[in-house]
Amino acid sequence: MSDLWAERADLAEAAVTSRHVRRLWALPGTALAVVGWPAVRRERLFLTWHYWWQAHLIDLAVDAAEREATPRRRRRVVRLTRSHRIRNLLGWTNNYFDDMAWLGLALERAQRHLYVDRRDAIAVLEKELFEAWAPERGGGIPWRRRDDFYNTPANGPAGLLLARTGKLLRAQEMADWIHETLRDPETGLIFDGIRGDRVERAVYTYCQGVVLGLETELAVQMGEPRHRERVHALVEAVDTQLAERGVITGGGGGDGGLFNGILVRYLAMVATTLPVVDAEDERARRLAARIVLASAQAAWANRLQIEGLPLFGRDWSVQARLPGTAPGIARFSGGTVRSSGVAERDLSVQLSGWMLMESACAVAAERAPGPSSARPDGTRFENGYR
């Protein structure tokens with residue numbers, strides 16, 4: 001089973017790299033992704049590029065290289081990270097703390113797993129996120145600079161990066177702040193954010209994903225029961241309210257194209273790395289694995305096959321649509337990238353499909369019979385998204 005998902009992950013990787021990845025401004029030794037396919041001129045010229053989408057592309061390139069290391073894959077990670085810095089023009093940072101957290105996570109994994117040395121960039125990004133903490137407001141970091149919106153999509157990945165770079169107490173503060181401020185006591189799901197005293201009650205799949213990742217990381221590193229218990233409850237809430245027969249439902253384009261992929265990435269992390277102390281831990285791991293594999297089966301069944309390579313749908317439970325020359329391209333507006341007319345043309349949607357295939361491969365490999373590499377506390381560090 002793991003070989004099957006590895007083959008599908010290879011095909012998803014080939015689809016994204018062949019359709020989207022190009023040299024940046026024809027510079028040698030560079031690689032960046034065109035954000036739409038088929039692309040319009042401004043996209044081909046990288047006048048439009050979407051910082052946080054490219055961060056997830058780096059993270060996926062690390063996944064592929066970690067799954068099966070090749071010199072070509074490592075070179076791609078080096079070129080993608082170099083090109084991100086070039087295209088960003090003024091350094092590694094931007095005005096959005098969630099964007100910077102995603103890039104930091106990708107660079108940290110590239111350094112840890114592939115020895116791609118970006119210590120300078122990681123240090124800069126870590127400092128930005130650590131210093132954005134606002135105790136005078138009761139905690140949390142804002143979505144972007146000079147903004148009064150404090151949200152899960154910034155605090156979740158920021159906390160995860162800080163945990164992985166040794167700032168465990170601040171990471172735990174972030175996890176506790178999210179739990180106390182943005183968890184819906186009725187559904188158990190995590191709200192989007194808070195502005196002043198008003199909670200924005202929108203529920204997005206990626207908010208659940210980043211909290212699962214942060215709480216699982218803290219469960220591994222700190223061993224405090226509350227982090228495992230929060231994972232148990234949130235996996236259950238995702239299964240009952242955001243999935244149908246184990247398949248994550250809904251989806252979108254633009255920035256929303258990445259939301260479901262982020263959720264499955266961290267469900268896979270739960271399934272492969274959550275410490276097993278009691279039966280509830282094992283149940284959460286099994287349930288997370290079931291959602292990942294059921295969603296991957298559905299997405300694969302509903303893909304389009306174009307020149308032998310998959311094109312994934314915006315909603316994994318329904319047939320994908322061919323972008324063709326339909327009007328409307330993804331555009332940045334109000335701090336968010338809005339969907340193309342046919343969401344499948346957006347790089348974000350195809351990155352989510354690739355992320356789903358990598359997640360299924362990781363889960364299937366962890367569940368395959370063979371010698372166990374689990375530690376005494378039940379944690380497992382290979383084949384998972386750490």
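Visitor: What volume does the second largest cavity have?

Guide: Rolling a probe the size of a water molecule over the atoms shows where empty space is left. A cavity is a set of points, on a 1 Å grid over the protein atoms alone, where a 1.4 Å probe fits but cannot get out. A volume is the space filled by probe spheres set on the points, with grid points joined across faces, edges and corners. The second largest cavity here has a volume of about 30 Å³. This is a predicted model, where local features need pLDDT of at least 70, side-chain atom pairs count only at pLDDT 80 or more, and totals for chains, interfaces and linings use all residues. Residues are numbered from 1 along each chain as its sequence is written, and side-chain values use heavy atoms, leaving out hydrogens and water.

Visitor: Which residues line the second largest cavity?

Guide: Lining residues have an atom within 4 Å of a point. For this cavity they are Ala12, Ala15, Val16, Arg19, His20, Pro310, Phe312 and Gln350. Helix H1 (residues 2-20) supplies the largest share, 5 residues. Helices (H or I, at least four residues) and strands (E, at least two) are DSSP runs, numbered from the N terminus.

Visitor: How many of its lining residues are nonpolar, polar and charged?

Guide: Ala, Val, Leu, Ile, Met, Phe, Trp, Tyr, Cys and Pro count as nonpolar, Asp, Glu, Lys and Arg as charged, and the others, Gly among them, as polar. The lining of the second largest cavity has 5 nonpolar, 2 polar and 1 charged residues.

Visitor: How many cavities of 30 Å³ or more does a search of the whole structure find?

Guide: The search finds 2. The largest cavity holds about 50 Å³ of space, and its lining includes Gly251, Asn260, Arg314 and Trp316. That lining divides into 2 nonpolar, 7 polar and 1 charged residues.

Visitor: What volume does the largest pocket have?

Guide: A pocket is an open set of points with protein on both sides within 12 Å along at least five of seven lines. The largest pocket has a volume of about 860 Å³. It is lined by 35 residues, of which Trp143, Asp255, Phe332, Gly335 and Thr336 are the closest to its centre. Strand S11 gives the largest share of this lining, 3 residues. By class, the lining has 15 nonpolar, 12 polar and 8 charged residues.

Visitor: Which element gives the largest share of the lining of the second largest pocket?

Guide: The second largest pocket has a volume of about 230 Å³. Strand S1 (21-22) and helix H4 (71-87) are the elements that give two or more residues to its lining. The largest share, 4 residues, comes from H4. The lining has 3 nonpolar, 3 polar and 6 charged residues, and among its residues are Arg72, Arg75, Arg76 and Arg79.
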